[in-house]
Amino acid sequence: MEEVSLNYKLSFGLLTGAILMYPTVLFVVFKLTKEIQLVAMSFKDQASSLSKERKRSENLLCRMLPVSVARKLMRNEKVEPRLYKSATVCFSDIVGFTTICSGCTPFQVVDLLNLLYNTYDSRLEKYDVYKVETIGDAYMVVSGIPETNGELHVSEIAFLALDLLDATHKLDVQELANKTLRLSIRIGVNTGPVVSGVVGVKMPRFCLFGDTVNVASRMESTGKPQKIQLSSNTVEALHRFPCFQTQERGFVDVKGKGEMRTSWLLPSSLSPSSHVRMQPPPDHAATTNMCGV
C-alpha cells in the first residue's frame, strides 16, 4: 500500500512539474523556432544579395571583355590567343586635342570625352562591331572579332565610320563654341589578319595584335580632319560592296612602312540610316543588296 502511495505521489509530482514547465518549454521552443526562421531569412537575403552582386560582377566583366571571353574566364577556362584571317580595325581621335585641353579645365575635358564617347557608344549597337578600348581621345573599334562575320566586317566598319563622322558634326559642345573651336575627328581603317588575346589577371584586357592594327593606327594619324582614310587592303575589300564610294588620295609616308597608297571613304557614299545587317552573301551579285540599295 505504501508502495502504491509512493508511486502515486511520484506520478503526481512529475505531472505537476510537467504542467508547470510546459509554458517555459513552449516559450523556449517558440523562441528557438523564431530565431531559426530569422537565421533562415537572413541566409536567404544574403544568398539573394550574393546572387545580385555576382550578376553585377558578371555584367561588369562582360562590359570589359567580349561576352564569349568573359564566360570562359568565369568558368576558370584559359583564353588562348586566336588568329583571325581577316578583320577590319578602326581608329579615331580628336583633331587638336592638345590645344583643346590647354583651353579647358580638366573637368571640361572629362565632360567632353564623356559626351563624345557616350554618343559613339550609342551608335555601336546598330553595327556588328566591338569596341576594344579608349585611350585618352583615341577610340578603337573592330569588326570580325571576337565573332567572325564573313566578309561583312569591312562594310560594318565603313558604315560605322560614316556614322561617327555624322555624329561628331552634329555635336554641340558649348565649351568649344565659346572658344570658337569646332570638334572634329580623324578616322583610319585597315583590313587584314589580327591576333586577339587576353592580357593580365587582376585587370584582364582584350587586346589586338599585328601589323593590321599598327597600320590602322597610322591611317588615323596621317589622316585629315573629318575624313576617313582607308588602306589599300580596305579599299580592295570594299570593292565587294559597290554602294561605297572612295577617292584615291595617293601615296602617304607611313612610319615603319614607307610609302603606302591610301584612299578616302566619301561621306556621300551612303547614309548610315540605310545600313542593313544581313548574312554574308553567297556571291558578289547578292552583295549589292547588303548596302541597302
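I began with the second largest pocket and found its lining to consist of Ser-68, Val-69, Lys-72, Val-79, Glu-80, Arg-82, Tyr-84, Pro-146, Glu-147, Ser-196, Gly-197 and Phe-206. The elements that give two or more residues to this lining are helix H2 (67–74), strand S1 (82–94) and strand S4, and H2 supplies the largest share, three residues. I took helices (H or I, at least four residues) and strands (E, at least two) as DSSP runs numbered from the N terminus. The model is a predicted one, in which local features need pLDDT of at least 70 and side-chain atom pairs count only at pLDDT 80 or more, while totals for chains, interfaces and linings use all residues. Residues are numbered from 1 along each chain as its sequence is written, and side-chain values use heavy atoms, with hydrogens and water left out.

I noted a volume of about 180 Å³ for the second largest pocket, a volume being the space filled by probe spheres set on grid points that are joined across faces, edges and corners. A pocket here is an open set of points on a 1 Å grid over the protein atoms alone, where a 1.4 Å probe fits, with protein on both sides within 12 Å along at least five of seven lines, and lining residues have an atom within 4 Å of a point. I sorted the lining into five nonpolar, three polar and four charged residues, counting Ala, Val, Leu, Ile, Met, Phe, Trp, Tyr, Cys and Pro as nonpolar, Asp, Glu, Lys and Arg as charged, and the others, Gly among them, as polar.

**Salt bridges**

I then searched the whole structure for salt bridges (a side-chain nitrogen of Lys or Arg within 4 Å of a carboxyl oxygen of Asp or Glu) and found 11. One of them joins Asp-121 to Lys-131, with the closest N and O atoms 3.1 Å apart. Asp-121 lies in helix H4 (residues 106–124) and Lys-131 in strand S2 (residues 130–135), so this pair ties together parts that are 10 residues apart in sequence. Asp-121 is partly exposed at a relative accessible area of 26%, and Lys-131 is partly exposed at 27%; buried means under 20%, exposed over 50%, and partly exposed in between (1.4 Å probe, protein chains only).

I next looked at Lys-126 and Asp-163, whose closest N and O atoms are 2.9 Å apart in a salt bridge. This pair links distant parts of the chain, with Lys-126 in the loop between H4 and S2 and Asp-163 in helix H5 (residues 152–170), 37 residues apart. Lys-126 is partly exposed at 39%, whereas Asp-163 is buried at 1%.

The side chains of Arg-186 and Glu-220 also form a salt bridge, at 3.4 Å from N to O. Arg-186 in strand S4 and Glu-220 in helix H7 (residues 211–221) are 34 residues apart. I recorded both Arg-186 and Glu-220 as buried, and salt bridges with shared partners join Asp-93, Arg-186 and Glu-220 into one network.

**Surface**

Finally I looked up a nonpolar surface patch formed by Leu-83, Val-195, Val-199 and Phe-209, with about 340 Å² of accessible area together. Patches are made of residues with over 30% relative accessible area and no salt bridge, like charges being joined within 9 Å and nonpolar side chains (Val, Leu, Ile, Met, Phe, Trp, Tyr) within 5 Å. Accessible areas come from the Shrake-Rupley method with a 1.4 Å probe, and for residues only the protein chains shown count as cover. Val-195 belongs to strand S4 (residues 185–199) and is partly exposed at 31%.
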